[in-house]
Protein chains: 2
Amino acid sequence: MPERETAVTTVSNILSQRDLEFLLYEWLDVESLTARPRFAEHSRETFDAFLQVSAQIAEREFATHNKRGDTEEPRFADGKAHVIPEVKAALTAFNESGLLAGGLDAEDGGLQLPHVVHRACFAWFQAANIATSAYPMLTMGNANLLRTYAAPEHVARFVAPMVEGRFTGTMCLSEPQAGSSLSDVTTRAVPAGDGTYRITGSKMWISGGDHELSETIVHLVLARAAGAPPGVKGLSLFIVPKHVVGPDGVPGRRNGVDLVGLNHKMGFRGTTNAALSFTDSEGFLVGEEGRGLAYMFQMMNAARIGVGAGAVALGYTGYLHALAYARERVQGRPVAGKDPAAPPVPIIRHPDVRRMLLASKTYVEGGLALILYAARLVDEQHTGDTAEAAEAALLLDMLTPIVKAWPSRWCLKANDHAIQVHGGYGYTREYPVEQFYRDNRLNPIHEGTDGIQGLDLLGRKVTMRDGAGLSLLVGKIREAAVRAPAELGWMAERLEAGCARLVEVTGKLWSDADPTTALANSTAYLNAAGHLVVAWMWLEQATAAAGREGAFYDGKRLAARYFFAHELPRTTTWFDLLESRDTLLADLDDACL
Amino acid sequence: MPERETAVTTVSNILSQRDLEFLLYEWLDVESLTARPRFAEHSRETFDAFLQVSAQIAEREFATHNKRGDTEEPRFADGKAHVIPEVKAALTAFNESGLLAGGLDAEDGGLQLPHVVHRACFAWFQAANIATSAYPMLTMGNANLLRTYAAPEHVARFVAPMVEGRFTGTMCLSEPQAGSSLSDVTTRAVPAGDGTYRITGSKMWISGGDHELSETIVHLVLARAAGAPPGVKGLSLFIVPKHVVGPDGVPGRRNGVDLVGLNHKMGFRGTTNAALSFTDSEGFLVGEEGRGLAYMFQMMNAARIGVGAGAVALGYTGYLHALAYARERVQGRPVAGKDPAAPPVPIIRHPDVRRMLLASKTYVEGGLALILYAARLVDEQHTGDTAEAAEAALLLDMLTPIVKAWPSRWCLKANDHAIQVHGGYGYTREYPVEQFYRDNRLNPIHEGTDGIQGLDLLGRKVTMRDGAGLSLLVGKIREAAVRAPAELGWMAERLEAGCARLVEVTGKLWSDADPTTALANSTAYLNAAGHLVVAWMWLEQATAAAGREGAFYDGKRLAARYFFAHELPRTTTWFDLLESRDTLLADLDDACL
């Protein structure tokens, strides 16, 4: 085809260094973290250096095989999962950067980077190649969990090699019959008498579940110990390596963990996604029996932020590709001057193309702000004073379902717009935007579907501690409204009104304590709260941009204006629906469908 | 994988015979058409027979290779496009049914079926295999155009073989530099002196543009005759067969039409989509020079309804698959009784799953109603009395952008929901719903993007004949509101209010006659008008179901209620935006993006 090969992906259309700098330094004042003991060795210069090296490795080692990883997906042969060689090379480059241990303590070989900086660095890899970035993301989450909850000898045996890049990690929660419903997990753990357990069962949807990229794979497996009660209270967490690992840290014989098959996905194809069979495999209990889900939630909460970040990254790169295309592609004339003899214009001149681009900008930049705000809370939680840390932990807990679900929906919308801006070309595999769209479609599903996030937000987060999380969130939004300069007063007012509505509707929903009625439209609640939170993120950005000149800051102001004028009004419909307490869905007779 | 192979697609999850019967007979009173001379040979029995044979062939010959057509896409080799053999077999079965000439006159070998019945029959094929159904769809559109505008000898030479299934047809409008902007078409036509022309140029995105499925391919090519003015007024339409066809109707030598390459798409993979090169190829003028676009619009308008119908069909089959899965798949417990010892329930018991299913039902059944209503207007246009025919033509013209764009967006949403209902399984290629989603993503692009449809509706259709089209549409909606029984009074009121708002906003938009301002948010206008029109379709269905008992009719009532309660309120946001006459998009400095 004449237009078959398109421009090579470069740093400039992976992610925006300028936007990251604005968010990190001009808004979140990340530099001030260097005053804290944990980050005392760091400075803006070291942060910038890690951001820059991330951009470079992402461009050179990750973006370059994004397409190939999609077209030549992992193959299942001889009981193994075979992955294209570029993945191993990319992971090696990533490991050598030190970022695999970016957040860990120096004494564990870590960089002690603030989480918010580490998150920003990692976004480069997610935007360049979401599938390959999944391997280190899972390994880091796994290592962090074990670092917190596992016995010291297990940390030494399993975490150290993961930090060195020799082992990789997974999380094994789902089973073929139990995805969202973890209380139905049936994998069994029988004590072997020597302090270890024998694990038997089937696990499904295991990302990075098998491959030959590392010396072995450290699976974290939710299972039910003998005699444990039904439901989630009976779940314990076990370390189950693919190979038996001796005290010397060298993997030996296989450990009864077999690859049953690979799932063939619509996108995210470069990440192996496996069905695994555990047969009397040797497992090591993490912490105490019956606390498995609680431990797992540390990794899952981090993974949920990671999923949101991945969704933002995919939406962001799609937006940048669409923007570049719209500036180059010449076609048609503006409505006002349809003289056929006039030269055609770049399609960025057409209002509907601008609408899609500006809407996408609000989704991806608003999403990135949300992700980095959440990551900044993680730092506050770990390095703030006691009161700050407690507040940050509560706010993060409250925001997590939104941080996971909002970008998964709206940055996917940005990918949808990116296809549409490209027209017919965008629908072809000669251009990268269709892959971003397919890749991003996973994000509303894994690590808890949108439906699960809605139930978590309205059924658990909003009601926890007598509504303390909701009060805190609303308080934070109102603080931002008060802080906003006068010229943003109309946005501040709308945000205040939105908060009032959120509180009022929440109160009405829980007024009669019938959870079925209250939760009937929990997804609408998630939508409304999500749009309100992202409007807050836009007011924050517009405030940070106030009084500053130049196209970049004008862009932030315009995008904020667009979000408040065109997006925030959507919340009215969702709130109205919630307030109506319509029980149509709960009451409906299935036979009518 | 254990769950690799899923249930075979059968009639019951392709499309709903029951719903078609309801729409055709209980609402649109299609049986009454048999009183008209053109349809006098028909009866409900013949209609039912064609519907039934369509369902059977769709199940046996089309659905069976839908997956294979996706995974083994057409290959470009030796200058030819190679297609899997099942496609040819399916087209032969389709041809043998007589449906290829379903709408044509008996004297031309046609069945003289009402268009609405023919459209319903064809929906079975689109739902079973959208890619394979594209070949006959294009051929029928091509044949109909030539039947109307071509010289009798060209009808004899090209249309008759198409009706027999020996030739297939295409439409060749776009060029690599001119997709939405046909005024930039540069393909040239030079008179050869013998009444024929020599055509030279490049055409892009030609569906069915090359293959070995027929003896030859009849291309309808938009080109600029020597000395023609710039813009669309300089475009003429030419018949350019792939092979020179002698007066005996037998294809001979190649005619300077070369396959340059195939586009590799995200979905719709079974339909070859070609870049074609025309080099001094022999072409025959259709009608008069300079009228090419006007003729093409007959085919394009039909194709736009066809695209809407395809979008509905894909959404519909996705919904039926999701519904079947939700009834079978057992997981989790209802919110109100989270006893882990209680047995898990089918996921259709979970409110959020019901929400997705019910929303999808309103999209796909509402979309099908819209398509068949439009098809019924085609019959009115061709067989009604003079006044009825003129009114139907005007209303159809008015509705066409909505008929094309609304299902393309909202039935795609149903496909999105179908994936979500399936959870992780829905994201895998082991289940068919991800293919439906990929296939349907083309529909907002081809035959005029959503952006083009919005401009057509607000810039052309609404203003034509001093707003006669809009008045007629609103009048029709109000008639339905008046006709509605008392128990549907609240829906009728909301519909009346929506009409009033539509008229008011339209007037304000055009009050200062600055098209740039008026059209700045034309996509929001398309969205608002589309949702209003589909709400009307739901009131029509609820009215037709009034007083009837049983789950099917209860389902219609519930869906209508859902659409009015959960969907129609979206229009408020769009209307508010339009009324604000926000010129942000038009004014925006591109450098800010």
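Guide: Helices here are DSSP runs of H or I of at least four residues, numbered from the N terminus, and the expected span is 1.5 Å times one less than the number of residues. Helix 11 of chain A (residues 386–422) has 37 residues and reaches 51 Å from its first C-alpha to its last, close to the 54 Å expected. This is a predicted model, in which local features need pLDDT of at least 70, side-chain atom pairs count only at pLDDT 80 or more, and totals for chains, interfaces and linings use all residues. Residues are numbered from 1 along each chain as its sequence is written, chains are lettered from A and ligands numbered from 1 in the order written, and side-chain values use heavy atoms, without hydrogens and water.

Visitor: Where does helix 11 of chain A bend?

Guide: A bend is the angle between axes fitted to the seven residues ending at a residue and the seven starting there. Helix 11 of chain A bends by about 45° at A:Leu399, with a proline, A:Pro401, following within four residues.

Visitor: How many residues of helix 11 of chain A are buried?

Guide: Buried means under 20% relative accessible area, with a 1.4 Å probe and protein chains only. In helix 11 of chain A, 29 of the 37 residues are buried, so this helix is largely enclosed by the rest of the structure.

Visitor: What follows helix 11 of chain A?

Guide: A:Gly423 follows, and its phi is positive, near 60°.

Visitor: Which residues does A:Leu357 touch?

Guide: Taking contact as heavy atoms within 4.5 Å, and not counting residues up to four places away in sequence, A:Leu357 touches several residues, including A:Val421 and B:Leu593.

Visitor: Where does helix 9 of chain B bend?

Guide: Helix 9 of chain B bends by about 30° at B:Gln298.

Key: Helices (H or I, at least four residues) and strands (E, at least two) are DSSP runs, numbered from the N terminus. Buried means under 20% relative accessible area, exposed over 50%, partly exposed in between (1.4 Å probe, protein chains only).
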